[in-house]
Each structure stands twice: as structure tokens, then as C-alpha cells.
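Trainee: Can you walk me through this one? I'd like to start where the chains meet.

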Amino acid sequence: VSLTQAIPSPGLSTQASSERAEISIPRYLVIAFELGLFLVVVYLFNIESRGFLHLGILAFFGWLIHYFLPLRYRLPFFLFLSLTGIGLVFGLQAESWSAEGLAQAAWTIGLGLVLIALCHVPGSNRVRISLLAAVVIALAAARAGAVATPWSAAIWPVLGSMFMFRLVVYLQQVRQSKTPPTVARTLSYFFMLPNVCFPLFPVVDYHTFLKSHYDSPDRHRIYQTGIHWLFRGIVHLLLYRLIYQNLIVDASDVATRFDLVNYLLWPYTLYLRVSGTFHLIAGMMHLFGFNLPETHKLYFLSSSFNDFWRRINIYWKDFIMKVFYYPIYFRLRQLGNVAALVISTMLAFFATWILHGYQWFWLRGTWLLTWNDALFWAILGALVVANSLYEIEHGRTRRLAGTALSWRSTLLTSARTIGVFFAICILWSLWSAQSLAQWLGAWSAALRPSDSDVAAAALLFGFIAVIGVSALVLARGVAEPAFAFGRSAAVVISSAAIIIGISFPEVHRNLGPAGRTVAASLMESELNRGDFANLERGYYENLMDVGGFNSELWEIYRAKPADWRPVSETDGVEPIDGLPFFSLKPSVTFSHNGVQVTTNRWGMRDRDYPKERSQETVRVALLGSSFVFGNGVGDEETFENLLEDRLNEEAARFGGPHYELMNFGVGGYSDLENLHVLENRACGFDPDFVFLFFHSDTRSHPLGKLANLMLAGQPLHYPFLEEIVRRAGVDENDVERYREDRYALMQKLRPYEQDILERIYAEIAAAARECGARPIAVFIPRPEKFDQGGIPELESGLAREAGMPVLDLSGAYGESDLAELWIARWDHHPNAAGTRLLADRLYQALKDSQPSTGFQLPMASQEQREISQEVVRQR
Amino acid sequence: MKDDVKKTLKDYILREFLPGESPDNLLYSTQLITSGVLDSLATLKLVAFLEETYGITVQPHELESDNLDTIDRIADFVGSKRG
């Protein structure tokens, strides 16, 4: 089999082939210019990933060469680029080459070649399928972590997306095809260029892949269509960002009808992320001659549930039809048309649900089995069945492209489109919800009139108007204008100019506040506040699953290594019934999220200290969660150790006491555990000061821990908690019920969130004073844009009410790029650079607030020392 | 013979799937699957018609645009099945 064997050109005449070879330097330059603009946009707006930018640059230079190659060399060259792309994306990390990354690329290609080779083992198809099944089962065991592998977990999503569905398509179609596969065709199909950057990849049909290669007599049209789709993809992704950053409402924030409308309507539009990336993929394929069909077609304008299924993710629909629906229908049609149709449709949707879990498994390593995923596909399947039965009975209005419906049919179609849009929105919000109770709970806002009802009505009307008018225009047969290279290029170049213009700060400044918000969200590629809260919640409540459809969190969790886990799940802790649920084992060293954690004989992540405090020592007990614990940084890189070193070095130079900063912080502890630790452990070390650290999302954590105590049937330890539970009206019988629905219990308790925090702060302040220490509350901002707006008023106010001076570490990260300070993209705890900035800021805050805290620094003036001594005397 | 098949197919498609459409707008080369005229339900109905009218047996994997996207292709497909 020759590598350069040209693909037979189905349906193309010799004349067309010769026209294909036509070279037009002006068009070549225009397309190259447009591609350059595309790369500028990808760079400026940080579209997708750094890897995608690198791949785009490869595609750009590849296309410049590809254009001049004879047809027979274009497919092998595409294969060369595809394999190079895998090496580039894996190997080029943080702008430098990584031998480890290149090794992973080699593993990806090597494993892929093994799978492909198994498809061609001599013998019967049954033998090949058996062999493949055996290898896939072995790989699945490795993916699930049951078998150690010499390759990294990073290759699974890429390898999975290349082979998990395409192997099925390939095996089926090679068996049925009369044309034998060639090396170039087969390898290009599996390793196709954009795939390495997009684990969520459309199921490209093998036959379509081959057939579409240079199937148009005008190859510039194929290229220009690709460029057009690349920019359409960019527009989808930017719209997605706009909605994602500004308009998504979390279920727990739904208080009014306006919130409810937002909560129900916007999640569906987040699908723009998927359609956007699929446009990028199909667009890039066009650049190399693959004239693939559209992956999505105006899915917001579906006029029936069947139409929705036809328009959204068309490749998936085709795959399911080909592999499941038609074969099942043909087997069952002796039962009668209606029975065969109903059963085959329901089984097709069942297969979609199962395959969704299967896809999740290869990408994440665990099977997706959530109630809302099952419910979503079951309801959608039932709607499509009902719709099909209706169409069998009453027919469907069809028309040829470009012809208009009658006005009566147009209005009916428009009304149906609006109805389907709202129905899908509601179904989608259910799919995205974290629990049925949460979703149903949001609906209770419909019963509450508020001042924002007019805004809710206006928003609804806005959606109706946009969808209704668009459907009307579509139904009247306003056809797409015929392709014209010049017009398409003009549209692309002007769109690029506008998009690039938005990125300039000079333009931002003249846009006004609303315009600036829009521009900022278009440039924003990180999590929104709600998803960040969900990511954070994972640490505190172990809610590591994400809803049925949440592409941003899904991406984060996909990237997260399987062994990345909270400290509570390591062997460095011992579980405790009741508060504080677990504690660090004394004198152990264990590995946690890529770093070594060492505990002292007292079970603190810290250096060793004697139990008794000496007279010359200033001892501080630090209470807090993972930020104090030092999640993801080395033992010597925690900010408390850095600060302790600095204080003691300065004390040695300038004179002053010895400092002992004792780290009682543990990842996952809320202020409820902090209170318990203070009373039962920290006070025993006779501290002079107690520092209680909080960030802007710690307020809700004690609530979750209270719920955990109740659900575990443990004593609540504190009378104030018992009182709050009584006020919330939760009795023991309820607790039984809430074991099945923790969210509902949380909803019952949520109105008392502030009361709980208030009482905990008061108890911490009182407990600290009782053991002779001065309590100080410290606001520690996370390296997160949401925490850069200053100290939260609620916590600082409650701390002051409890008599605690408050230190504000706002601005600790200065002008740093916050993402550079994360330990990982999926874990936003500060890295070593971040903890150093925190240590410096805490030092400065202690210095600035010395009169109110009485904390004596080594360089303190005589006057400051006197103040400190006075504070200590009073205490 | 092939022209008869095409004419029969055109009449059938106009009657079943495009009532009210002008026959002049439906050419033998008009794309049926790509344009959405032949969706899955219509495809199954058309297959039943082909099997009944021409005595052929269609396999699930043959429901491809290569065989069914235009009246021309359907006629070719029927011709190839009838040998």
C-alpha cells in the first residue's frame, strides 16, 4: 500500500481535477492574510488553549506549503502535519520543549497504531473485533487506574477522543467499502490535525471524511469556507464567554422571577461553546481540502424536537442513526412501522446516554452516572418519539431550499420554534442542575412577586422576539446567498478587524461601563463566579461531580489528574467521628497533590515545637483551611513558615523575641472545625495570639459541616448549633429523609448561615481570650479575580463585633497575573510565588496594625514596644 | 427504464414529502438529504416504497447520501439493486 496513493475522487471529472490544481496567487495571499488574522484573534483572546495557538501556527505554515502540493501529496502531507501537531501540543509546554511531553506524544501515536493494526489483522471480522475488545478492556482497566501504565494520564483524553467512536465507524465502513483503505487515509482519519487540542471532538464519518476530500471543483471555495467557519467558531466562543461571565445565575442565587428566567434560559445558550469548537475543527479541516458538512445548523431555531435532534451536533446524530437507529429499525420492522420506530428511537437515545457516560469515562477516568443526565436523555427521547408519531400521523411541512412557506405556515412554524426553544431551555437547565431539589427549589421564586418582574417580562419578550423573528425569516425562505469568494473574505476581514479592535485598551476606555464589561468578558477565559464556587466547594463538601452539562467545569475536571484529591482522602490523616471529622497524623510524611507534606509530633503541618512556650517566645496559633495548610506547596513554602523565618531572621539581626507560628490549618476545615481545634488543641500550646484566616467564600462552609454532622448522626458539640437546628425546624425524622437529599437540608439551614458564622466568631474570640491569647481575624484573598475587590464586609463586620482586630491582606498579589500564581489550572491555591507574596503582605499588615493588634515586630520602635507591652498587660 | 424510475420517484417525493411544491423546483439533481427533505422518517418511508415498488431489499448501511441524496442517485441505486 502506497503512502502517497491518491484518493479516488468520487464524482469528480478529470476537468474538475485539473481545475482543482489551479493556483491563484491573489487568492492564496488573501487566505493567508485571513489565517494570519485568525491567529492574531486566537492569541489576543486566548481562544481555547496555548496548544491550540501552537497548532494554529502549524496549520498556517502547513497550509502555505499544502497549497502548492500536487493532489497526490496533500493527504500524506496532512498526515505529517497531524502527527507533528501531536508532538507539538504534547511536547511544547510553557514555550519550551519537554522530552517527557514528546514521549507522551510517542505513546499516543504508538497506542493508536496498535489499535489501527488490530483492525487489519488477517482473519474474520469476528477475530478482529475480539482482539480489539480485549485490548480496549485492558486499556479501560488502565484508564480506571486499576493497572499502572508507563505513559501519563494526559494522553487518555486525546487517545480516547481519537478512537472511542471512530474505531466503530472505521471497522463498520471498511468492512462494507469496496475501496481498500490506504495508510495515509487511515492514519489521517484517526490522527486528524485538530483532534489533539479538542478531546470533545465531532464523530467524523470515515466515508464522509474520504469522500469530501477536494470534492469541489473550486478548491479556493473549500479553503474560504474553512476560514469562514473558523471565524464563525470564534464568534460562537466569544458570545459564549459573554453569556458565561455575565448572565449565568446559580440556583442558590435565584430569589426573584427575573433570576428564575435567567436561570432557565441562559444555560442552553452555553452550548455555543461546543458549536464554536466544532466550527474551529471543521474549519481547520477545510484548510486541507476536507469539505466536511456543517456540524451544527441554526439549532436555536429548531421548529420541533425532531428538528432539534437533526440540527444540533449533526455528526453525532448521523453516527447514532447509522450505528444504532437504522440497524435496530430494520431488525424490528416486522413488528410494524410504529412499534419499530418507537423502540429504535428509544434505544437510540438510550445508546446516546450510555455513550455519553462512555465518553466521560475515557476523558475523565470515571463513569458519568448522574440522575440528570439519564433524565435529560429519557425526556428528550420521549419527546422525539412523540414528535415522530405525530409526524407519521400528520406529516411534516417540508420545502425545498430557498422556497418560502405560506404566511400561515410561517407563523405556525415561528410559534412552534419559540415553544421548542423554551422547552429545550427548561430541559437544559434541568440537565445542568446539581440536584432535582435544587432545580425545583429555584422554581419557588415564581411565586414571589418583586420589583424585577418587569425586567423578567422584558427578558422573556426579548427572547420571544429574537427567536420568533429569526424563525420567521428562515421560514420565508430567505436563502443564503450563493458563495462568492470576495464577499466571504470581506466579511471575514471586517469581522476580524472588529474583534481585534475590541482587544485594544484604547477602545475599552471609550466604550463606557457596559461596553467595558462586555469587552472584559470577551477577553476572559477563566471560570465565572458560580463555577469557581463549585470548584471550591469540591474541597469542602466533596462535590466533585459536575452537572450533566457544564463544559467549563468539565474541562477543569478533565485536566485534573485522577490522584489529585483533598488532604482528607490521603493516608496522612485519621478519620474522627464528629468534629473535626479528621486530623493530620502526627510525625508522618506523605505525598499530596505533587508535594511532600510533613507533620510534626503534634499533628500540625509544621516544624517541631515544644509544648511549653518559653518566656522569650511570641507564639501564634494559625487557624484556617487549605490556604493556611499550604495546599500544593512544599513544607518550607507555606506562608506561615516564610513569615516565621523572616521574623526570626530580623529578630536575630535587630533584637527581639523568638517567634513560633504554629500551623493548625488543615485543608477542608471550616470555621466550625477551627473553633473545635482552638478549644481542644491550640489553646494547650499557650499561644499569645490566635490568627483566624478567612477568604470571601468561607462563610458558607460551616453550614455544610453542620449538615454533615447531622447526617452522620453525630452530636453537634455546641448549644448554639442545636438552637439553630431547632429554629430551622429540622427534626430527627427529617434527617432520615435528607440523607437522600443533602441539598434540601442545606436549603433549610441556609437562612441561618450568617447566624452560624456570627456565633462561631464570637466563640473563637471568647475561647482565645480564655486561654490568654489575643484573637485576630485575617482576610486572605485567593489568587482569584473575585477576591480582588477588597475585604468582605460580612466577615470583617462579624469579626469586629466579636472584638477581633481585622487584618486585610487585599492587594497581596499586586499586579501579578493571578493565573501564574495557581498551583494548577484545576486548583487555584497559591503556589510558592503566591505564598511568598502572602507572607510579605501579612508582615506588612502586622507592621501597619501594630497599635491595634499589639503584635510586636523585631524592628519595632521603642514606642511600639511600649504599646505592645501595654496590650499584653491589659490582656 | 431508468427514466421511468426517476419519474415515479419524483411523483412519489412530491406527493408524500413536498405537497404543494411546484414540480419544476424538484430536479433530478436536487439534494434531498442535505436540504432536509429526506429526514430519517422520510427515508424509512421511501425505503418501504422502493422495496415494495421495485422488489428490492435495502440494507441499513445503504441508507447513505451516496445512494439517496438525489433522484438520480436513488434511481442508480435501484438499478444496481435490481442488477
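Trainee: Which residue forms a salt bridge with Arg398(A)?

Mentor: Asp39(B) does, with the closest N and O atoms 3.0 Å apart. A salt bridge here is a side-chain nitrogen of Lys or Arg within 4 Å of a carboxyl oxygen of Asp or Glu. This is a predicted model: local features need pLDDT of at least 70, side-chain atom pairs count only at pLDDT 80 or more, and totals for chains, interfaces and linings use all residues. Residues are numbered from 1 along each chain as written, chains are lettered from A and ligands numbered from 1 in written order, and side-chain values use heavy atoms, without hydrogens and water.

Trainee: How many salt bridges across the interface of chain B and chain A?

Mentor: The rule finds 6.

Trainee: And how many residues does each chain bring to the contact?

Mentor: Chain B brings 24 and chain A brings 21. Contact means heavy atoms within 4.5 Å.

Trainee: New topic. Is Phe691(A) buried or exposed?

Mentor: Buried, because its relative accessibility is 1%. The cut-offs: buried is under 20% relative accessible area, exposed over 50%, partly exposed in between (1.4 Å probe, protein chains only).

Trainee: Where is Phe691(A) placed?

Mentor: In strand S9 of chain A, residues 689–694. Strands are DSSP runs of E, at least two residues, and helices are runs of H or I, at least four, numbered from the N terminus.

Trainee: What does Phe691(A) touch?

Mentor: Leaving out residues up to four places away in sequence, its partners include Val620(A), Leu622(A), Ile776(A) and Phe855(A).
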